[in-house]
Amino acid sequence: MNNRCDVLIVGSGIAGLYTALNVYDKINVLVITKGDITDSNSYNAQGGIAAAIGKDDSPDIHYHDTIMAGDGLCNPAAVRILVDNAPSIVEDLIRLGVEFDRDENGELDLGREGAHSRRRVLHSNGDSTGKAIMDVLIRHIIERKTPFRDKVMVLELIVENNICRGVIVWDREREEIYPIYSGVTVLATGGIGQLYPFTTNPYVACGDGLAVAYDAGAELCDMEFVQFHPTVLKHPSAPSLLITESIRGEGGVLRNIRGERFVPRYHSMGELAPRDVVSRIITEEMEKTNSDYVYLDITHLSRDFILSHFPMIYGECLKYGIDITKDYIPVSPGAHYMMGGIMTNLKGETSIRGLYACGECAGTGIHGANRMASNSLLEGLVFGKIIAQEASKYVLHNGDIDILEEVTATEKKISDKGILDDYRRRLQDVMWKYCGIKREENGLKELLKEIGILEEEIRDLPVANFRDVETKNMLELAGLIGETAMERRESRGAHFRVDYPYRDDIYWQKHIVKKKEIK
Ligand SMILES: Cc1cc2nc3c(=O)[nH]c(=O)nc-3n(C[C@H](O)[C@H](O)[C@H](O)COP(=O)(O)OP(=O)(O)OC[C@H]3O[C@@H](n4cnc5c(N)ncnc54)[C@H](O)[C@@H]3O)c2cc1C
């Protein structure tokens, strides 16, 4: 097996696959992913992708909405690139074969979501946009015969003199740990939702990419900004299914357990206020009514409309006896998206040469302190294309891969049963309790203490499978999230401090950057 390539892409979500498809011809690419090709946040995305293509819309308005939602912390230059490139990216997706939903006149049907002042969200198969886009990208990867390996997990980066030369992986099928050398490495490893016990994210979202980059000396930024989606299905036997924001965009309202509509009492934008605001309002109302859920009500919409726009959610809820055309949907906020990540410049370059980060794992500053709905798939595409071009140029400019010290492969069996699962659960519980939607100093101190204890307890324990590796990564990231949440003594976007409830632009209109000292 050839373990050398020009451009190595880690992750098979939208960021990874779109980057792979845009690397220049003749440059050899390899995509690896730790699960199956479809195991990603991208495949689960529902509501859609934002682009200013409506007659009453423009990239300037999209820009303004994104900046407002980001609560003073967006990188304006990155947002500019995002919104200006959105319409052409959508055209490219259509050219590749993505079929976005259209209205009766054949025009693209644009949905509306929180904090968007215009209808600008393109969707496909109603609420299965991620799957619709990803199936097309996967088809192209297969048709173009792009080299691809699944069930291969990155354990660490190979970095010499601050230049990334590739990665060390654990291959589930070969039961072997070996190096893959590359001219450029692109981390497109997605989010961190699994750090919390109640999350919309699938099992792969453990923040591995952030942890390996940090361990190799890359800078991470904005780690305190974790977004909690306001409406996740809350049912004792159902998985934590996201209930898309488009439902509120189409007039869905939130009611407390007494059936009363409550959001307009707290905020003038009502149910379409930014996500961080709605999540906090729901939390407060749940506390007031002594309940662990509220209801989302779309029963006023016609059955036909619900079935055509939200077929997946309709079908999933029905499995648990909830007919969303007639019944209120029990929901509560759940961990959803990491605004921070591996710090990059506008070309996707990290602080390590030859290492790029793309998509949710990247800290581009686009989302500031709070991501606006449907800007994330867009980020993976817009920056995936830029990174593909930059990586191609880097390879052409830097020539052959040059490695100082070769690593040899070793056999490593994989066990079905993890060793660290109990530690993972303990970590998730304290993250939820002390570093969730509301934070305060004493709780954060408690969290850091618990993390210290867990670190001590697992320090010398071996890893038996991928889950164990993830748990170690999660522990490291939890420490960074806890520390930065403690440092930021203000409330902004998704970071809410009960003890510092106001935004403080004098001291805190800045990013917290973390870097590990490498000995
Ligand atoms: C339920 C849900 C609904 C959403 N709806 C929307 C929406 O409508 N619109 C929108 O814009 N955004 C939405 N989002 C957010 C959006 O889907 C994600 O932010 C985006 O898809 C991230 O893409 P990505 O390619 O960066 O990461 P992902 O799609 O998560 O892909 C990461 C990949 O990296 C792999 N990986 C991770 N660690 C390793 C490792 N150590 N080794 C090898 N491979 C690894 C994973 O297996 C996976 O293939 C939603 C998210 C969820 C969870």
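Reader: Why are Val294, Tyr295, Leu296 and Asp297 of strand β13 called buried?

Author: Buried means under 20% relative accessible area (over 50% is exposed, in between is partly exposed; 1.4 Å probe, protein chains only). Val294, Tyr295, Leu296 and Asp297 are all buried, so each falls under 20%. Val294 and Leu296 point one way, Tyr295 and Asp297 the other. In a regular strand, side chains alternate between the two faces of the sheet. The model is predicted: local features need pLDDT of at least 70, side-chain atom pairs need 80 or more, and totals for chains, interfaces and linings use all residues. Residues are numbered from 1 along each chain as its sequence is written, and side-chain values use heavy atoms, without hydrogens or water.

Reader: What makes β13 and β12 a pair?

Author: Pairing takes at least two DSSP bridges between strands (E runs of at least two residues, numbered from the N terminus). β12 (residues 253-255) and β13 have three, antiparallel, so they pair. Arg255 is bridged to Tyr295.

Reader: Why is β17 called an edge strand?

Author: The open sheet runs β17-β15-β10-β19, with mixed pairing. β17 (362-363) and β19 (513-514) each pair on one side only. β10 (residues 220-221) meets β19 through two antiparallel bridges, so these strands pair. Leu220 stands opposite Lys514.

Reader: What makes the set with Ile32, Tyr196 and Ile481 a nonpolar core?

Author: Such a core holds buried Ala, Val, Leu, Ile, Met, Phe, Trp, Tyr and Cys residues joined through side-chain atoms within 4.5 Å. The largest one has 58 residues; Ile32, Tyr196 and Ile481 have the most contacts inside it.

Definitions and conventions. Helix = DSSP H or I, 4+ residues; strand = E, 2+ residues; numbered from the N terminus.
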